[in-house]
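Hi everyone, thanks for having me. I'd like to walk you through one protein today, so let's get the picture up on the screen.

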Amino acid sequence: MKCPNCGNRTSLNLDMHSGGFSSDESPLKECGVCGLVWRVKTEAGEMKIDIIKPPDKKK
Ligand SMILES: [Zn+2]
């Protein structure tokens, strides 16, 4: 899926194996371009984007 920050499609699934996800939350994704970490969750039947980590700042 597309990165909600930069729109790039090179996102990686972060496989956490924590078992802590509820059924309405998808796995964490990380953008390979800007470093944003997010996941999509479904709330009241609507897709919501949950930002876990903001994009990497330029050094
Ligand atoms: Zn991105």
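**A hairpin and its surroundings**

Let's start with the pairing: strand E3, which covers residues 37-43, and strand E4 run antiparallel to each other, joined over seven bridges. If you want one spot to look for on the screen, find Arg-39, whose bridge partner in E4 is Asp-50.

Before I go on, a quick reminder that this is a predicted model. So how confident is the predictor? The mean pLDDT of the protein is 82, and 78% of the residues reach 70 or more. Among the elements, E4 has the highest mean, at 92, while E1 has the lowest, at 75.

Okay, zooming out for a moment. What is the protein built from? There are four strands and zero helices. Read from the N terminus, the order is simply β-β-β-β.

Now, back to E4. How many of its residues are buried? The count is zero among eight, so strand E4, residues 46-53, is hardly covered. And for the protein overall, buried residues make up 10% of the 59 residues.

Next, the turn itself. The hairpin of E3 and E4 has two residues between the strands, and Ala-44 lies in that loop. What's its phi? Ala-44 has a positive phi of about 55 degrees, although it is not a glycine. Here's the background: most residues other than glycine have a negative phi.

Let me move to another part of the chain, to Arg-9. Where does Arg-9 sit? You'll find Arg-9 in the segment before strand E1, which spans 11-14. Arg-9 counts as exposed too, because it has 11 C-beta neighbours inside 10 Å. Now look across at Cys-31: it is 22 residues from Arg-9 along the chain, and their C-alpha atoms are separated by 7.7 Å.

And while we're talking about separation along the chain, here's one last number. Take the contacts between residues at least 6 apart in sequence: 23% of them join residues at least 24 apart.

How values were computed: Residues are numbered from 1 along each chain as its sequence is written. This is a predicted model: local features need pLDDT of at least 70, side-chain atom pairs count only at pLDDT 80 or more; totals for chains, interfaces and linings use all residues. A residue is buried if 20 or more other C-beta atoms lie within 10 Å of its own, exposed if 12 or fewer, and partly exposed in between; C-beta atoms are placed from the backbone. Two strands pair if DSSP finds at least two bridges between them. Two residues are in contact if their C-beta atoms, placed from the backbone, lie within 7 Å. pLDDT is the predictor's confidence in each residue, from 0 to 100.
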